[in-house]
Amino acid sequence: MNVNVNSLIPSSSTDVFKSDTVVGSSGEVLTRSDTKLASLGEASTSATTTDAATQGERSVSRSIRGLVVALYLGLPPVIYDERAHASPRSWYWVHTNNQTAPEPARDEVVQHALMNALTCMPTDEIQDGMTLPLGIGIASCVKDFGELGLGKLASLTATAAVDAEVLSHALRWIGRLEDNESFHGRLRLLIRVLASPSTTVRDGAALGLVELGSPLAVRALEEAASNEANESLREDLEQAANYLSRRS
Amino acid sequence: MPYLFRSINKRRWDWGAGNPPWLSPGAVPAAPFGDVAPSPSSALSLWWIADDKSNVRRVITALAATRQHVDKYDYALIEETEVRALGIKVEQAPDPCPDQDASNRWHHNLIELTADSLFSLVGLIKRIGELDRLLAPEVEELLKEGLDSGRLEISRVNPKLRESLQRSK
């Protein structure tokens, strides 16, 4: 008895295998209405028994086991193709058109990593000089994603998605990192964030610029100070600008 | 006129008319109370500062040495007599510290604090407190000096900070 692969697959509207096609072992499209298979090549464990019924039962059992294990492990399932015209008989790796866990876009990966870094400490534990875990996360994001990571962080500073105090500390770490390659990107980010709607975030950007230590930031800090409505923060921005001027 | 020193976060003290926008006129936001959080025994740690403020940097060095890494240091100075005038009790009480000599000489506690006295203290700091900041590179210099001079007891300096200071030498 030959086993129809499709008969093993549920056909609900949320069916992960729905509207797939079959690709043969040599790469040809075999067009199964519900399954898209990419060949893994000739199986070394081809059935040799001539008892069709037994073979069919074993195939069903193997296929179900394979599917369950693969889905449990999060691996693409492998299905043994029993169709009469499938020659040579092969194991196929199932690709689906409507996967439940699609490959995330790089943008999402960066966002996810950044959010993980920014939320690695409880907000009420964020204190000056005590944010090493946050620093490790930020350093890792800058190293792994470079400008893309910095761009994402800049976007986050314009939203209320992350606590302002956490962002302030993250920006200080941006300035604190010892990474020449990303220096100009970090400088641009910190200068841009001086225009954040949050006083706490603007302060964090200024503190980051002080830690970065570049005289290139002096003019931006002076400009930010002259536009600053908050008197106390204005003094802090001036202090930062004066410090960097003295250093240069 | 001597002062009392308290570590703060300057941004907690920015409030005023229309800032933050949700604050009713005359109301005090909760944020600054985070800088005067008392111990379980209702005491608050402060440091005595001379009239000429000559020991401020040494106190900052001692406190910054307990942190994991170098960061800016925000602080408030309040005239001691004004604090006492609120009816708050001030007692000298040395605390374990990387600069034990500084702690023996200048560490104090405000004791027997009530919610009312904390509210008065926050109002006082807002009204007459001198809020100031040392930037991170300045704090780093102080810490290096403290270690080089031997004023900071190395075993009491935060080990992570010690490592980073040694690396940056």
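1. A residue is taken here as buried if 20 or more other C-beta atoms lie within 10 Å of its own. By that criterion, and bearing in mind that this is a predicted model, five of the six residues of strand 1 (residues 3-8) of chain B are buried, so the strand is largely enclosed by the rest of the structure.

2. Strand 1 of chain B is paired with two other strands of chain B. Three bridges join strand 1 to strand 2 (residues 44-49), the two running antiparallel, and within this pairing B:Leu4 has B:Trp48 as its bridge partner. Six bridges join strand 1 to strand 3 (residues 73-79), again in an antiparallel arrangement, with B:Arg6 standing opposite B:Ala76 of strand 3.

3. Turning to chain A, the chain contains eight helices and three strands, which follow one another from the N terminus in the order β-α-β-β-α-α-α-α-α-α-α. Of its 248 residues, 34% are buried, and among contacts in chain A with a separation of 6 or more, 59% are between residues 24 or more positions apart.

4. Helix 7 (residues 218-227) of chain A deserves a separate comment. Its buried residues are A:Ala220, A:Leu221, A:Ala224 and A:Ala225; seen down the helix axis they fall within an arc of 135 degrees, so they line one face of the helix. An α-helix has 3.6 residues a turn, so residues three or four places apart point the same way. On the other side of helix 7 of chain A, A:Ser226 and A:Asn227 are exposed, while the cover over the buried residues includes helix 5 (183-193), helix 6 (199-212) and helix 8 (231-247) of chain A.

5. Leaving aside residues up to four places away in sequence, A:Ala170 touches A:Leu118, A:Leu134, A:Ile138 and A:Leu153.

6. Finally, the interface between the chains: 18 residues of chain B are in contact with 18 residues of chain A. On the chain B side, the elements that give two or more residues are strand 6 (130-134) and helix 5 (136-149) of chain B. Divided by class, the side of chain B that touches chain A has seven nonpolar, three polar and eight charged residues.

Definitions and conventions:
Residues are numbered from 1 along each chain as its sequence is written. Chains are lettered from A and ligands numbered from 1 in the order in which they are written. This is a predicted model: local features need pLDDT of at least 70, side-chain atom pairs count only at pLDDT 80 or more; totals for chains, interfaces and linings use all residues. A residue is buried if 20 or more other C-beta atoms lie within 10 Å of its own, exposed if 12 or fewer, and partly exposed in between; C-beta atoms are placed from the backbone. Helices (H or I, at least four residues) and strands (E, at least two) are DSSP runs, numbered from the N terminus. The arc is that of the directions from the helix axis to the C-beta atoms. Two residues are in contact if their C-beta atoms, placed from the backbone, lie within 7 Å. Ala, Val, Leu, Ile, Met, Phe, Trp, Tyr, Cys and Pro count as nonpolar, Asp, Glu, Lys and Arg as charged, and the others, Gly among them, as polar. Two strands pair if DSSP finds at least two bridges between them.
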